Amino acid sequence: MDGNSAIAEAAIRAGLRCYFGYPITPQNELTEYMALHLGRRKGCTFLQAESEVAAINMVYGASLVGARAMTSSSSPGISLKQEGISYLAACELPAVIVNMQRGGPGLGSISAAQSDYFQATRGGGHGDYRTIVLGPCSVQELADMTMRAFDLADKYKIPVMILGDGVLGQMKEPVDFKREAPDVTPTREGALMGARGRASRVVKTFTSNPSELEEINWSLFRRYQLIKKNETTWDTFMTDDARLVVVTYGIAARIAKGAIKNLRAEGLKVGLYRPVTLWPFPDEPLRELSKNVKQFLVFEMNMGQMIEDVQLALAGQGEVSFYGRPGGVIPTPDEVGRVMSRLYYQKGLRS
Amino acid sequence: MTDKQSSLKRVKGTIVISSESCKGCELCISFCPKGVIKLSDRLNAAGYQFAYLVDNGECTGCAVCALVCPEVAIEVYRD
Amino acid sequence: MKLIYSRPKSLKKAAFHYCPGCGHSVAHRVVCEVIDEMELQDKTIGIPPPGCSVFAYNYFDVDMAESAHGRGAAVATGIKRACPQIIVFTYQGDGDLAGIGTAETIHAANRGENITTIFINNAVYGMTGGQMAPTTLCGMKTTTTPYGRDHVIEGYPLRMSEMLAPLDGVAYIERVAISSPAGIRRMKKAVAKAFQTQIDNRGFSMVEILSPCPTNWKMTPAQSWKWVGEEMTQVFPLGVYKDVMEPKHAD
């Protein structure tokens, strides 16, 4: 199944009730899959909104009343949703937002890229807020992480973003969904449903009293610490005896893995460190790794964004080099392999 | 007196204005058909001159004042 | 003597923060009277916008949820699609509905969303200090049109009721005015009809309420009400602009 459709099917199986989308390449298959399959399910809603801005605000509305809600788009569209995401984070409303990245900035290209890393992990909207950001690197992971996204969103009452890209969305791989779609979509506890049998409630953050808003910020950040402690995930490949470790995520990790296998065959001791949760960023395990690995190569399909998190994590405990291809150019394993082997020899890692 | 006029004998009514809620916008004064509401010289806690009913029995309890009052400060009673 | 008029149940006891003579206060009370009479208090969600009426949740004793500026119609759509049994109303100002939220408003109407919109048109951005709004009248002075709105530069006031009425998804639109006791009675009927439209699932319903803003118009409350009745109604004629129940014009 193609990645985009796999996300849609996984969301339906996770009990999605409302999907609000808007056409944008390279994620249209996701919207179309929802139109075909979600719209027909009892009690569910597929709606193509008039803009990405409207779509994210519809998600806000559906999430208010306890429905599992989702929207998807690609880079420029995600920029339009940032205000809405800030409101979701502020009002502690769960939601799943999928960004199948494409080359940027501006209208950009429709090919895959990773140039929205900062926007996703730092938050492109206003205010001190965070969203959980997951970085899948295969169609199977797209499916697994979509389901995980809904569970995390409800568990921590927070918007969760899946940061994929155009290649992941378009490529086809076998996938096992591990869950059946529920007959009745779940309704979240404590959602706003009209004040029957209780006092009326208000979901808001606007206040003329700054200390009230400060308290909201503090409580959100206590939750973010909890998320960082409980949910940080990462993946490694042949790092036990590695002397040079490539740090990358998503589709770039698949490319790097190909290069690593080739170089390992030539006897080079190279490995891969792959953050899976991009926020919270897995910094401690990377610091742990830097006890015996001194050379790191950060490889991204952008001008260098995750590299900053790597440098923050290592805090000087190791040398960090960078190789990046922005704009939607898709590097090949050979290309990355050459960079790695040249670095390997330059840094005198040949025993 | 035609039948209709006689049935219009004095319909007694009165209003209670919460002087603390009143913001002295004088809308009730301008719309009261009997002109029985005046603005007091005294101020309420918020510093507004509040409206009050001149109790001369003219009020018919038509509720126009309550209808236009932005502060929901007026309760109306009628026979 | 019997008490015949008092505060509606669904209007909280809180004092309004609105300026003396403001139209919002009256609109709040009337909407709450309708909510009481139609027994909607325990199945309604209201959506106030950023603007003077952002504090509506301190007054409406129903579940309220804040929306981003201009996005009320989209939030209401999300709610109604997720839970069709909930009665949803958005309470929006002219900047919110006819300015930044025009697209959301038009498309919600065009989709025939079963939501009710209370549209307060006071021709200025009130909360932020009286700037020009999409519905500011030509020649009207505001803090951003200090010499009076000039259509050559700032264009013309936007007539939302007339714009939305022809859309097939729209079931009921009426424009009323807070300018006189009769106007307020008319408003109450319109608001009740709008909610009934939603209850009967007939499609999008909106009541455009011409509303006085004494402070930003720099008038006394009584003058501002008169101005609504005499000046605004010239540019924004009152009446029923769409009613699928009684297609004939005027009521």
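The structure is a predicted model, in which local features need pLDDT of at least 70 and side-chain atom pairs count only at pLDDT 80 or more, whereas totals for chains, interfaces and linings use all residues. Residues are numbered from 1 along each chain as its sequence is written, chains are lettered from A and ligands numbered from 1 in the order in which they are written, and side-chain values use heavy atoms, with hydrogens and water left out.

A:Tyr33 belongs to helix H2 (residues 28-37) of chain A; helices (H or I, at least four residues) and strands (E, at least two) are DSSP runs, numbered from the N terminus. When neighbours within four places in sequence are set aside, A:Tyr33 is in contact with A:Met1, A:Ser5, A:Ala8, A:Glu9, A:Ile12 and A:Leu38, where contact means heavy atoms within 4.5 Å. Between A:Tyr33 and A:Phe20, the separation is 13 residues in sequence and 12 Å in space, C-alpha to C-alpha.

The arrangement of the chains was examined next. Of the two pairs of chains in contact, chains A and C share the most contacts. Chain A and chain B, by comparison, are joined by no contact, and their closest C-alpha atoms lie 20 Å apart.

In the pair formed by chains A and C, 34 residues of chain A are in contact with 36 residues of chain C. About 2,700 Å² is buried between chain A and chain C, 62% of it on carbon and sulfur atoms; buried area is the accessible area (1.4 Å probe) that two parts lose on being put together, summed over both. Three salt bridges are found across this interface, a salt bridge being a side-chain nitrogen of Lys or Arg within 4 Å of a carboxyl oxygen of Asp or Glu. A salt bridge links the side chains of A:Arg198 and C:Asp63 (2.7 Å, N to O). The elements that give two or more residues to the side of chain A that touches chain C are strands S1 (18-21), S2 (45-48) and S7 (202-203) and helices H3 (52-64) and H5 (82-90) of chain A. H3(A) supplies the largest share, eight residues. Strand S7(A) is joined to strand S3 (residues 63-65) of chain C by two bridges, and these strands run parallel; two strands pair if DSSP finds at least two bridges between them. Within this pairing, A:Val202 has C:Met64 in S3(C) as its bridge partner.

The pair formed by chains B and C takes 25 residues from chain B and 27 residues from chain C. Chain B and chain C bury about 2,100 Å² between them, with 69% of this on carbon and sulfur atoms. The count of salt bridges between chain B and chain C is zero. Elements giving two or more residues to the side of chain B that touches chain C are strands S1 (13-17) and S4 (74-78) and helices H2 (27-31) and H3 (64-68) of chain B. S4(B) gives the most, with five residues. Three bridges connect S4(B) with strand S1 (residues 2-5) of chain C, and these strands run antiparallel. Here B:Tyr77 stands opposite C:Leu3 in S1(C).
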